[in-house]
Amino acid sequence: MLPPDTLEQRVRQRLQTLTDDGLLRTLRSPAGVDLSSNDYLGLATHPSLVARMAEAVRDEGAGSTGSRLLRGERHAFAAVERRFAAFKGADAALYFSSGYLANLAVLTTFAEAEDVIFSDALNHASLIDGVRLSAAQRVVIPHANPDALAAALASHAGRGQRFVVTESLFSMDGDEAPLQAQADVCGAYGACLIVDEAHAVGVRGASGSGLVEECGIGPKTFLTVNTGGKALGVSGAFVAGPAWAIAYLVQRARPFIFSMAPPPAVAAALDEALSVVAREPERRASLSAKALRMRRRLVEA
């Protein structure tokens, strides 16, 4: 074990290296034109969301007072979970206080020692960490490559379950997963497809529920993970899928069981966000048009 002074020296050296390389991060309040936030539809300051959340704080208080399995459960959580499940065309949904926790929960709860997880090479850090923390064997697949996925599945035909994990709309490059082809490959090999819809929910699909809807692969998808803090403008994330899988998460997912329930007012705000997505489709249309114009400019450049 390093003595405290030696540990401090090591940490200070690492921080200095980051500073010298121009990589030291800073915490700054937002200013200027927003070109980097996840508030794709501008719902974080939408008057109806703000009013609904304020009303819920007055009715329910500022905090939940406990985990949902103890004293933190509220009718608002169950209500928004039912609504979100219908939004996704799924049997059931479970709300987590962050997308990071939701991904950790899914991958560490369902993947066991004899299983194999096949993960896209450009998956988000929360998916990577969930894969690493699971007991399953890990296989990284070349980005958005259904042929490579099929080859990997064919070469890992063990006794356990196989899981395929991908984002639908990738956060860094902005490209889309070939979901239809991946779903077909998973069906052929008996693999469970898990899709992180963090950057697509609220934005893509006829109802705004995501690329799984747009591609028509809902029945072929095991679980989706859907953030509430990006296009929906609030926070947290929903895992949506078959009722038996959601019930199992309630019983076994450590990030759910051992986390304080979010403030109930967050659930109320998310419920209102789903209403806004439904009644103001012009927000999605405007975002799509802007993205298309930007893509054309990049191609022309």
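Which residues in H2 meet which residues in H11? Let's start there. A word of caution first: this is a predicted model.

On the H2 side, the contact uses Ser48, Leu49, Arg52, Met53, Ala56, Val57 and Glu60. On the H11 side, they meet Pro264, Ala265, Val266, Ala268, Ala269, Asp271, Glu272, Ala273, Val276 and Arg279. By class, that contact has eleven nonpolar, one polar and five charged residues.

Now the geometry. Two packed helices are described by the angle between their axes and the distance between the axes. For H2 and H11, which spans residues 264–279, the axes come within 8 Å and cross at roughly 155°. Over 145 degrees counts as roughly antiparallel, and so H2 is roughly antiparallel to H11. The crossing of H2 past H11 is right-handed.

H6 covers residues 146–155 and H7 covers residues 179–189. Their axes lie 9 Å apart, at an angle of about 15°. Angles under 35 degrees count as roughly parallel, so H6 and H7 are roughly parallel to each other. This crossing is right-handed. From H6 come Pro146, Leu149, Ala150, Leu153 and Ala154. They meet Ala181, Gln182, Val185 and Tyr189 in H7. The contact of H6 with H7 divides into eight nonpolar residues, one polar and no charged.

The angle is about 95°, and the axes are 10 Å apart. The range 65 to 115 degrees counts as roughly perpendicular, so H4 is roughly perpendicular to H9. H4 brings Ala105, Val106, Thr109 and Phe110 to the contact. H9 brings Ala245, Tyr248, Leu249 and Arg252. Here the classes are six nonpolar, one polar and one charged.

Next, the cores. Which residues touch the most other members of the largest nonpolar core? Phe110, Ile117, Leu223 and Val239 do, in a core of 28 residues. Several elements supply at least two residues each. Among the helices are H4 (99–110), H5 (125–133), H9 (243–252) and H10 (254–257). Among the strands are S1 (92–96), S4 (162–167), S6 (223–227) and S7 (237–241). H4 gives the largest share of this core, five residues.

Take Ile117. Leaving out residues up to four places away in sequence, Ile117 touches Leu107, Ala111, Val131, Ser134, Ala136, Gln137, Arg138, Val139, Phe163 and Val165. There is also a second, separate core of 26 residues. That core includes Val80, Ala85, Tyr95 and Ala269.

Last topic: two individual residues. Is Arg71 buried or exposed? Arg71 is at 66% relative accessibility, and exposed means over 50%, so Arg71 counts as exposed. Arg71 sits in the loop between H2 (47–60) and H3 (75–88). Its contacts, not counting residues up to four places away in sequence, are Ser64 and Thr65. From Arg71 to Val185 is 114 residues in sequence and 43 Å in space, C-alpha to C-alpha. Val185 is one of the H7 residues in the contact with H6.

Then Gln13. Gln13 lies in helix H1, residues 4–20. Gln13 has a relative accessible area of 54%, so this residue is exposed. Gln13 and Leu35 are 22 residues apart in sequence and 33 Å apart in space, C-alpha to C-alpha.

Note on methods: Residues are numbered from 1 along each chain as its sequence is written. This is a predicted model: local features need pLDDT of at least 70, side-chain atom pairs count only at pLDDT 80 or more; totals for chains, interfaces and linings use all residues. Side-chain values use heavy atoms; hydrogens and water are left out. Axes are lines fitted to C-alpha atoms, for helices over the stretch in contact, and angles run from 0 to 180 degrees between N-to-C directions. Helices (H or I, at least four residues) and strands (E, at least two) are DSSP runs, numbered from the N terminus. A crossing is left-handed if the near helix is turned anticlockwise from the far one by less than a right angle, and right-handed if clockwise. Contact means heavy atoms within 4.5 Å. Ala, Val, Leu, Ile, Met, Phe, Trp, Tyr, Cys and Pro count as nonpolar, Asp, Glu, Lys and Arg as charged, and the others, Gly among them, as polar. A nonpolar core is a set of buried Ala, Val, Leu, Ile, Met, Phe, Trp, Tyr and Cys residues joined through side-chain atoms within 4.5 Å. Buried means under 20% relative accessible area, exposed over 50%, partly exposed in between (1.4 Å probe, protein chains only).
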